[in-house]
Amino acid sequence: MNHLFFRFFVLVMLAITAATFAIYFAISRLYGDPLEDIARRQAAAEVFLLEHYIDQAPADEWLVRLNKVREVSTVRYELLPLDDASAALSSAEAALLQRGGMVFRVADKAFLRRVDLAGARYIGSEADVLRAEGLPINIAQALQQEALRYAIVALALLVPIALWSRAHWRGMQALARVADDFGAGQLSARARMPASASIYPLAERMDLMADRIEQLMEAQRALLHSVSHEVRTPIARLEFGLELLRAAADDPALEPRIAAMELDLRELNALIGELLGMARLDSGQAMQRQPFELAPALRSCVAAQPDSARIALRISDDSLGQLDGDSRLLLRAVANLLANAAKYGAGQVRLSAAREGGAIVIAVEDDGPGIPVAERERVFEPFYRLDRSRDRASGGFGLGLAIARKAVALHGGAVRVEDSELGGARFLICLPA
């Protein structure tokens, strides 16, 4: 929240600062420099003294009164040639001085004005300029006042911005939690924000989207579950019919065909079992969490594999410890990876596990042809098969890796593929410790 509030507050203050400078330059261009107006107000006494005392002197007494003012004033007055004074000014200031106007030099705390336009005060006065220097001009004080106004505006904006940011941030946090829960498989998670919330339109659309996704997923699971169960009935009938056919035909020539048909039925039955397993994982009802020792569980998983003698183990009991999760689901994911490695490996399969920081990493490696980089994400898609494995002789339905990823995801982990030092693929299961 602090980050969001700070960024928004800084953005507002930068906008106010830019607007302040824009106003200053616009007023300077149209009406003159505001700092000069401040200087005129602060030097009003000296200007009044010049215009109502010195300038009101009778003919030939102008210099006398100027000298009297010099004696008692802290301001330094001096006479300069008109040409010299004009040379130090900008063209606009020089033109103003030529017309008899008063030119303020704020940085020098001074002003300049011609003594006379017609030479009536003394001989040569039309060619002289009076410069008053050391005026009581304090621009810093004026700038401090502007800074104080700016600070008051900032503080006045701070409170409503903080309140708005807090409410906005809490709404965003609630949406983030809903998104995390929904992504973790809790399809019933909703924001349910009041209409007065600042992000209510977004939350409402997110809830509507979640409703539609939940309905679609429920319909998909219901269809898959129903079809799988319904298909098992005719499969059982076909198996029974094949047994009757074998007994009635008693023909050795039909035996190979009957055996092939029974093999197809077993494959179809296994596919239905895999589909039902996928449906249970999608529903999230398959999880039965409890702490278990990871190293012995992995050893038992390896021992249950048909080619367990080919699998090299690199596991340390002391370093792994316990894991809180569903051992049956996790070991099924490991078993699927081991079966995949044994199927495509040339002869070597290796299983290793270790704690790395705050995670447990389980690696399954083989010395097979490996998986191309472009295919490493797609191999986890249901029913996706690489070109070299499309031959049904290799077995499988393209669901093993998809089931492994779902099982690991239910434990808050992830599965990825990389190259193995054995030459084939290396599947990594990363689980939070």
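Strand S1 (residues 76-81) pairs with S4 in the antiparallel sense over six bridges. Pairing requires at least two DSSP bridges between two strands. The model is predicted: local features need pLDDT of at least 70, side-chain atom pairs count only at pLDDT 80 or more, and totals for chains, interfaces and linings use all residues. Residues are numbered from 1 along each chain as its sequence is written, and side-chain values use heavy atoms, without hydrogens and water.

Proline 81 stands opposite aspartate 128 in S4. Strand S3 (residues 110-114) also pairs with S4, antiparallel over five bridges. There, phenylalanine 111 faces alanine 132 in S4.

Six of the six residues of S4 (residues 128-133) are buried, so the strand is largely enclosed by the rest of the structure. Buried means under 20% relative accessible area (1.4 Å probe, protein chains only). Asp128, Leu130 and Ala132 point one way; Val129, Arg131 and Glu133 point the other way.

Now the helices. Helices (H or I, at least four residues) and strands (E, at least two) are DSSP runs, numbered from the N terminus.

| Pair | Angle between axes | Axis distance |
|---|---|---|
| H12 (residues 327-344) and H13 (residues 400-410) | about 150° | 8 Å |
| H3 (residues 44-54) and H4 (residues 62-72) | about 145° | 10 Å |

The angle makes H12 roughly antiparallel to H13, a label for angles over 145 degrees. The crossing of H12 and H13 is left-handed. H3 passes H4 in a right-handed crossing. Leu49, Tyr53 and Ile54 of H3 meet Trp62, Arg65, Leu66, Lys68 and Val69 of H4, with contact meaning heavy atoms within 4.5 Å.

Key: Axes are lines fitted to C-alpha atoms, for helices over the stretch in contact, and angles run from 0 to 180 degrees between N-to-C directions. Angles under 35 degrees count as roughly parallel, over 145 as roughly antiparallel, 65 to 115 as roughly perpendicular and the rest as oblique. A crossing is left-handed if the near helix is turned anticlockwise from the far one by less than a right angle, and right-handed if clockwise. Buried means under 20% relative accessible area, exposed over 50%, partly exposed in between (1.4 Å probe, protein chains only).
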